Amino acid sequence: MSCELKGKERIGNINPLFTCQPCGAQYASIGIKDCIGIVHGGQGCVMFVRLLFSQHFKESFEIASSSVHEDGAVFGALNRVEAAVDVLLMRYPNVKVVPIISTCSTEVIGDDIDGVVKKLNEGLLREKYPNREVHLIPIHTPSFKGSMISGYDVAVQDFISHFAKKSEPNGKINLLTGWVNPGDVTSLKHLLAEMEVEATVLFEIESFDSPLMPEGNHVSYGNTTMKDLESTANAIGTLALNRYEVGKAAKYIEDEFDVPAIIGPTPIGIRNTDTFLKNVSKMTGKPIPTSLVRERGLALDALTDLTHMFFADKRVAIYGNPDLVIGLAEFCLDLEMKPVLLLLGDDTTTYNKDPRIIELQEKVNFDMEIIVNADLWELENRIKNEGLELDLILGHSKGRFISIDYDIPMFRVGFPVYDRAGMHRHPIVGYSGATWLAEQMANTIFTDMEHKKNKEWVLNVW
Ligand code: SF4
């Protein structure tokens with residue numbers, strides 16, 4: 001019985017789990033009001049990322065490209081950034097925040113995006129837009145290292161370090177959510193409202209779920225303002241829910257502005273939500289109200305109905321964003337399931353120091369593998385060639401063909417999810433998230449029992 005943490009034993013990637021760093025920076029940028037990012041690279045670096053966002057949310061988001069071509073790749077393409085900033089500011093009179101997001105090609109050719117920002121600040125902005133507030137923010141996201149996860153982490157820190165300014169205490173906490181869905185933000189805000197705690201939420205992405213209004217189509221964007229970013233320096237403390245997505249920013253605010261940070265855990269499941277609320281209470285001095293104790297009780301009641309009867313010993317594979325995967329694995333263990341395979345899709349070297357992974361290694365009493373730098377072939381190969389037996393897969397839509405081809409039930413969770421409707425509206429964090437997650441996992445297993453005629457009669461008598 002062991003829990004092994006190891007790298008994949010192949011060079012190259014077959015069906016990657018993640019996309020590249022600029023994607024993470026773009027996800028952070030669409031969470032900010034009056035912000036349109038310029039991705040300095042080929043058009044595909046924006047086009048395919050926008051497509052993922054649109055597929056996941058079924059909404060449109062605005063992101064620009066400096067559209068680098070062959071000549072730029074050879075001779076340098078900073079002129080494209082200068083032109084892109086000018087065109088963007090002319091075309092969008094309300095835009096105030098313009099991150100310049102680098103890519104693999106423009107990092108390799110050595111384009112100095114910090115230098116061009118300085119040049120534009122001293123030239124174009126002064127001469128052509130003297131009365132306009134514009135913030136150009138260079139964000140370095142070469143795609144030959146890290147992944148969309150580290151890209152998000154880097155971008156959040158860059159946005160905060162650009163805007164954060166010490167002034168009067170604001171009496172709020174900073175809630176850095178990490179890469180979550182609108183439903184998760186709603187759930188987290190509900191928990192804080194019940195505790196009567198005010199928070200600056202980064203990022204306010206509930207509005208990614210946008211209405212279709214009589215006047216026509218709507219472009220979606222987040223509602224985090226420049227003022228929100230500025231005031232992070234004046235908070236009581238920072239709660240960073242996802243270690244690998246907002247850990248850098250939380251540490252930065254702590255080091256620069258003396259705002260204490262608590263990093264993690266991701267509040268997936270009962271025990272992690274308990275810890276989250278205790279952390280909020282510790283940071284603010286506010287008690288956990290009876291209403292949340294009742295909510296917890298409702299969730300426990302729902303889980304108890306399912307755990308021993310249906311979840312016990314079910315073998316699960318989980319892949320996706322590392323904080324999500326680890327949180328789901330902890331939740332599965334609490335539900336008496338066996339998360340036998342965890343796939344983390346990047347080459348982060350500190351996973352072996354993550355206290356949650358250390359705890360898994362110390363406590364798991366069955367064979368479990370955690371693969372870093374993993375791809376979806378790591379999952380498929382084990383099923384196809386190594387006899388891995390699974391009762392459930394948890395992951396995003398990119399793994400759907402493994403579920404279909406090997407007839408293994410799969411519940412969609414993470415990013416991107418485009419082959420099931422409305423998943424971004426449902427929280428997986430908090431007590432309500434734990435209930436929804438467990439019930440959807442159970443329903444997925446029930447449908448499979450019926451489909452395979454495997455003890456489906458149990459459902460008649462349950
Ligand atoms: S790998 Fe490079 S070229 Fe491809 S999308 Fe990412 S940044 Fe753009």
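I am working with a predicted model, where local features need pLDDT of at least 70, side-chain atom pairs count only at pLDDT 80 or more, and totals for chains, interfaces and linings use all residues. Residues are numbered from 1 along each chain as its sequence is written, and side-chain values use heavy atoms, with hydrogens and water left out.

**Entry: the ligand**

Which residues surround the ligand? I found Cys20, Pro22, Cys45, Thr103, Cys104 and Ser143 around it. I sorted this shell into four nonpolar residues, two polar and no charged. For that I counted Ala, Val, Leu, Ile, Met, Phe, Trp, Tyr, Cys and Pro as nonpolar, Asp, Glu, Lys and Arg as charged, and the others, Gly among them, as polar.

**Entry: the sheet**

I traced an open sheet of four strands in the order β4-β2-β5-β6, with parallel pairing. β4 (64-65) and β6 stand at the edges with a single partner strand each, so one side of each has no neighbour in the sheet. Strands here are DSSP runs (E, at least two residues), helices likewise (H or I, at least four), numbered from the N terminus; two strands pair if DSSP finds at least two bridges between them.

Next I followed β5. With β2 (residues 38-40) I noted three bridges, Ile38 being the bridge partner of Ile100 and Val39 standing opposite Ile101. With β6 (residues 135-139) β5 has five bridges, and there Ile100 stands opposite Pro138.

Is β5 buried or exposed? Six of the six residues of β5 (residues 97-102) are buried, so the strand is largely enclosed by the rest of the structure. Buried means under 20% relative accessible area, exposed over 50%, partly exposed in between (1.4 Å probe, protein chains only). Val97, Pro99 and Ile101 point one way, while Val98, Ile100 and Ser102 point the other.

**Entry: the cores**

I then looked for nonpolar cores, meaning buried Ala, Val, Leu, Ile, Met, Phe, Trp, Tyr and Cys residues joined through side-chain atoms within 4.5 Å. The largest has 132 residues, and Phe276, Leu379, Leu394 and Met441 have the most contacts inside it. Helix α18 (residues 430-451) supplies the largest share, ten residues. A second, separate core of 19 residues includes Val81, Ala84, Ile113 and Tyr129.

Technical notes
Near = heavy atom within 4 Å.
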